[in-house]
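Here is a quick briefing to read with the structure open beside you. Take it topic by topic, and find each part in the viewer as you go.

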Amino acid sequence: MNLEYTPEQRAFRMEVREWMEANVPKEPLPSFDLTREGFEAHRDWERKLNEGRWGMVTWPEELGGRGLDLIRWLIFEEEYYRANAPTRVNQNGIFLLGPTMMEFGTPEQKAKYLPSMAAGDIVWAQAWSEPSAGSDLAGVRSTCTREGDEYVLNGQKIWSTRAVYADWAFGLFREPGSERHKGMSLILFPLDAPGVTRRAIERMDGEKVFAEIFLDNVRVPVSDRLGGEGEGWKVCMATAGFERGLLLRSPARYQEAVRKLIALYERHKHDLPASVGERVARSWMDADAYALTIYAMCSRLAAGGTIGPESSTNKIFWSELDLALHETALDILGPRAELMKSAPDAGDVDGWLDGHIFALAGPIYAGSNEIQRNIIAERMLGLPRA
Amino acid sequence: MEFAFTEDQRAITEAARDMLIESCTPADLRRLLETNTAVDAARWETIREMGLLAMCAPEDAGGLGMGPVDLVGIAEAAGYVGLPEPLIEQAGVVVPLLAGLDNDKGWLERVLGGETVAIGHPVNPFVADADNAGALLLGHGDELHLVARADVTLVQQESFDAFRRLFRVDWQPSPATQVGSGWGDTAERGALLAAAQLVGIGQRAIDMSVAYAKDRQQFGKPIGSYQAVKHLAANAQVKVEFARPVVHAAAAELSLGTLAGRARLAHAKIVSGEAADLATRNAIQIHGAMGITWEVDLHFFVKRALALRYAWGTSASHFETVLERMTSLPTGTDYTFASEVA
């Protein structure tokens, strides 16, 4: 056990820091969920990252990455959040579809899709959930009908994050007549293909964070199926493992948020009861505990280990940590917590309310926390299924 | 940067853990209770023979020269089995303290040989296992005294945990008993190893809950198939999973001797206590009325969790350390590890 960075790791941190300091936009970019302009501004940022070869540092060089190990990935993320760099508009691509394609994709698929993903040229959305298939994902009803070298896609998808402006989606479809976990395939399709209709869903703050996707006889080549025909469930579960376990929420995200929370607390602590300090400290401890857990997980993976159902404990922990830290921030702001940033006397409300609204969704997306608790109970602890 | 145990560390921990699980069963704890003793002589001899007491002793004193990282997994195993013998405090606290003295009056060798020295650190008002000890390390102001068992008067303080034998120690310091000044990092070592045991206790409570919930039937099904029960166990497991790496980091960072290292330790003690508390409370809930009985073995772990939670510093005192570090030293993405903080 050695909890110190090597000189090479420190040098890498400084390299990332210098690049971020020179390149991160001085003003925050406009939201990618409100306007096409905001979305494209984020795509431009992805292109700039890719020019610096920072798009996805763990990927092999020939696919647009740097072939770096997971400890360097964590250091990159730490510097990324420290620099307050823009949120990755292509996170569904680079963090979910990308690793899945590394595992299940053909060489042709990797060459076709991964470099453009790392470059931000194709921004991806996930098309899994349906109106009747949320937590019970095996209840998916959208179909893929094989016709020669093509699939014909039909059905309806919902809660597709970023799909309002994204370019392509990876969707879960089933062979007509198949049931539950059998007969499903993961299929890639362009969101501007004939027969695709998108309808934005507004969040409570008006941001168009998701879309519904309607598919009416959408034709795609069979070569755009990821993984074996009928093996979509297995492929999706691997993706979900990446999502919950490691890639979706970097510890650095919460460590940077807590650093701001501590600054907020320091500015106001003379007007606050002592108990608030303990709550701030708890968020600081939780963010560091999450970071330590991920460092330990990366050390285990580097030694040839795998991510198992314990990834579900991560998802519960970060989503609850995010809620608690935002609640503490709002409590410090008190009567100003409800103010929009545009209010004349908003003062230092900053993004705490936006962050809180987003945190409310944390226990729901990427598999609700209730489902995660079932997974922990059944697959980690061995309790019987219902 | 490598946040993992070595193969050697894993092998030693596993050997010790296997021995403890096989030897220290709840039935064995009940047998000891009936004879009103807190030490199983045969197990203590096995512990000594395996070299566990000497792990953290210097090599020139016949030890293995190891540190808290090497011992932390064994401490978790000791918590997991509810070990009544003072293996962890002797090996992890007493031995390093004696090894640091100019004149240990021969006690380091005697402890490595299986005798025990009790510790009266001021953070714990009552001295554990003092009746079985050959000598006591006691504080008088800043002075450290090594006092023979015969030279103190013990007044037993009955604990809820019958294996915790606590005593008020009445004694008189003299120049002849003084062996040094200052406790060094004794409190940190004690808190670290209590934290590791608490993680083990939490895991044991969960494992007992799972076994019971698979077996116990209501409405024609095992109660463990109901989500309300599953989620009690899962919530406890989340707490344990996010306490364990903090304890491991605290072990690795203890030798830094900095505020950042002490704050990690404080963090570890706080969250391991909370994990053990939630796991034991949820275990009682899952066991239903059986959970609060003498008949079910859960109470051994409920009691030890409660005792260790308040031993070696309460959460309130540890929060002060965390707050001091948080507000006086830098925080953020590049300050995860104590070595990064001056």
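## Briefing on chains A and B

Residues 6–84 of chain B are 62% helix and 0% strand, and the C-alpha atoms at the ends of that span lie 28 Å apart. Helices (H or I, at least four residues) and strands (E, at least two) are DSSP runs, numbered from the N terminus. This is a predicted model, in which local features need pLDDT of at least 70, side-chain atom pairs count only at pLDDT 80 or more, and totals for chains, interfaces and linings use all residues. Residues are numbered from 1 along each chain as its sequence is written, while chains are lettered from A and ligands numbered from 1 in the order in which they are written.

**How confident is the prediction?**

- The model scores ipTM 0.97 and pTM 0.97.
- Chain B has a mean pLDDT of 97, with 100% of its residues at 70 or more; pLDDT is the predictor's confidence in each residue, from 0 to 100.

**What the UniProt record says**

- UniProt positions are given in the numbering used here, feature names are shortened, and annotations may be inferred rather than shown by experiment.
- In chain A, the UniProt annotation "domain: Acyl-CoA dehydrogenase/oxidase N-terminal" (unreviewed entry) covers residues 6–121. That stretch of chain A is 63% helix and 0% strand, and its end C-alpha atoms are 35 Å apart.
- For residues 125–218 of chain A, UniProt lists "domain: Acyl-CoA oxidase/dehydrogenase middle" (unreviewed entry). Here you get 0% helix and 52% strand, with the end C-alpha atoms 17 Å apart.

**Strands in chain A**

- Strands β3 (residues 150–161) and β7 (residues 210–221) of chain A pair antiparallel over nine bridges; two strands pair if DSSP finds at least two bridges between them.
- Within β7(A), A:Ala211 is the residue standing opposite A:Ser160.
- Strand β6 (residues 196–201) of chain A also runs antiparallel to β7(A), joined by six bridges. A:Arg199 has A:Glu212 in β7(A) as its bridge partner.

- Chain B has an open sheet of three strands in the order β2-β6-β5, with antiparallel pairing.
- Which strands stand at the edges? They are β2 (127–128) and β5 (153–157) of chain B; each has a single partner strand, so one side of each is left without a neighbour in the sheet.
- Five bridges link β5(B) to strand β6 (residues 166–170) of chain B, and B:Gln157 has B:Leu166 in β6(B) as its bridge partner.

**Two domains in chain B**

- Chain B splits into domain 1 (7–181) and domain 2 (186–340), with bounds that come from an automatic or database domain assignment.
- The centres of the two domains of chain B, taken over C-alpha atoms, are 22 Å apart.
- Their contact takes 25 residues from domain 1 of chain B and 30 residues from domain 2 of chain B; two residues are in contact if their C-beta atoms, placed from the backbone, lie within 7 Å.
- On the domain 1 side, the elements giving two or more residues are α2 (26–34), α4 (68–81) and α5 (87–99) of chain B. Of these, α4(B) gives the most, with nine residues.

**Where the chains meet**

- The contact between the chains takes 42 residues from chain B and 49 residues from chain A.
- On the side of chain B that touches chain A, α8(B) gives the most, with 15 residues.

- A:Pro176 sits in the loop between β4 (168–174) and β5 (184–190) of chain A.
- A:Pro176 touches A:Thr143 and A:Thr145, not counting residues up to four places away in sequence.
- A:Asn84 has a positive phi of about 55° although it is not a glycine. A:Asn84 lies in the loop between α3 (70–82) and α4 (91–104) of chain A, and counts as exposed with 12 C-beta neighbours inside 10 Å.
- B:Asn36 has a positive phi too, near 55°, and counts as exposed with 7 C-beta neighbours inside 10 Å.

How values were computed
A residue is buried if 20 or more other C-beta atoms lie within 10 Å of its own, exposed if 12 or fewer, and partly exposed in between; C-beta atoms are placed from the backbone.
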